[in-house]
Amino acid sequence: MRYIVIGAGAVGGTIGARLAQGGHEVLLIARGAHYEALRRDGLRLITPESEETLDIPAADGPVPTRDDDVLILATKSQDTIAALAPWPADLPVVCAQNGVANERMVLRRFERVYGMCVWLPAQLPQPGVIAAHGHPYSGMLHLGRYPQTVDDDGLAARIADDLSKRGLVGRAVPDVMRWKYAKLLGNLGNAVEALVGHVPGMAEVAERARAEARAVLEHAGIAYATAEEEARARGHQVDARPIEGVERGGGSSWQSLARSAGSIEADYLNGEIVLLGREHGVATPVNETLRREANRFAREKQPPGSMPLEILQHLIDARSAAGSR
């Protein structure tokens, strides 16, 4: 198989690099300065224990496809539809993305859709360079067919095996969305980190968002893996470690604000809980405030970590009080 990684940033670039190191044919799809650096200099992958420059083919748009191609989509959720629009609908698509809305969006056009739960701490410190902080493996990737629990052609198992050949742990599972809903709970703190940074009291706000979300999921009857299951699966296989010469910033939402990208994933993280809450009549003032403020910061290109925690807490409390009246 040839793997076409659409969105070869921090996550997609790490997956593509590790697949290439494992001997697989890979094509990286990127844009702008990152694409130009990949085409000119190759992909430089830096990990806590090594550094290697890989000569992996790159393109800045669709290319002629083959029957054995697999698309790995690693864009932000808000870019899913546009990113897949030029690609043929008869190819399998692996959604290596946060949130739980992408698989259903993609299934409208593509028949073979696979969810992937991504545990992979990485960043893109400069164009053409990926810093993958996970150790001893760069990432652990649960994947499975969506929405079916049975993968008739065994493709998920084949992809998991390919991922596991070098630097990653691939796990084919029949309940991938249960793992992705658990990851969604963890990602609800992304907006908090992006807004206020790592300050005392940040964790408490993030936990309020997760507690609210757990109540919504349980009311909606949506299953998710427990924290204990996640800990058992991960163990110490993907511990984030520092890399000499690379300052580690925040998570994906923090990075979106730091790049002044103009958009952020909050509608598909905190906004997913807001949507479910509205569908099931459960109030979600914490996640609604985080969704709204993260989008405002992205739209106004505010720097990450620039909102005082007290302001965020006040906004949440005010919305909570308004909803209770």
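**Helix α8 and its partners**

Modeller: Helix α8 (residues 202–220) packs against helix α12 (residues 285–300) at about 120 degrees, with the axes 8 Å apart. Axes are lines fitted to C-alpha atoms, for helices over the stretch in contact; angles run from 0 to 180 degrees between N-to-C directions. So α8 is oblique to α12 (under 35 degrees is roughly parallel, over 145 roughly antiparallel, 65 to 115 roughly perpendicular, the rest oblique). The model is predicted: local features need pLDDT of at least 70, side-chain atom pairs count only at 80 or more, and totals for chains, interfaces and linings use all residues. Residues are numbered from 1 along each chain as its sequence is written, and side-chain values use heavy atoms, without hydrogens and water.

From α8, the contact (heavy atoms within 4.5 Å) takes V205, R208, A209, E212 and A213. P285, V286, N287 and L290 answer from α12. By class, six residues are nonpolar, one is polar and two are charged. Nonpolar covers Ala, Val, Leu, Ile, Met, Phe, Trp, Tyr, Cys and Pro; charged covers Asp, Glu, Lys and Arg; the others, Gly among them, are polar.

Helix α6 (residues 176–187) also meets α8: their axes come within 9 Å and cross at roughly 150 degrees. That angle makes α6 roughly antiparallel to α8. The crossing is right-handed (near helix turned clockwise from the far one by less than a right angle; anticlockwise is left-handed). Y181, L185 and G186 of α6 touch R210, A213, R214 and L217 of α8. Four of these residues are nonpolar, one is polar and two are charged.

Now the sheets. Eight strands form an open, mixed sheet in the order β5-β2-β1-β6-β7-β8-β12-β13. Strand β2 (residues 25–29) runs parallel to β5, joined by two bridges; L28 has A58 as its bridge partner. Strands pair if DSSP finds at least two bridges between them; helices (H or I, at least four residues) and strands (E, at least two) are DSSP runs, numbered from the N terminus.

A four-strand open sheet, also mixed, has the order β4-β3-β10-β9. Its neighbouring strands are turned by 25 degrees against each other on average, direction ignored. Three bridges pair β3 (residues 43–46) with β10 (residues 129–132) in the parallel sense, and I46 stands opposite A131. Helix α1 lies across β3, β4, β9 and β10, at about 95 degrees to β3.
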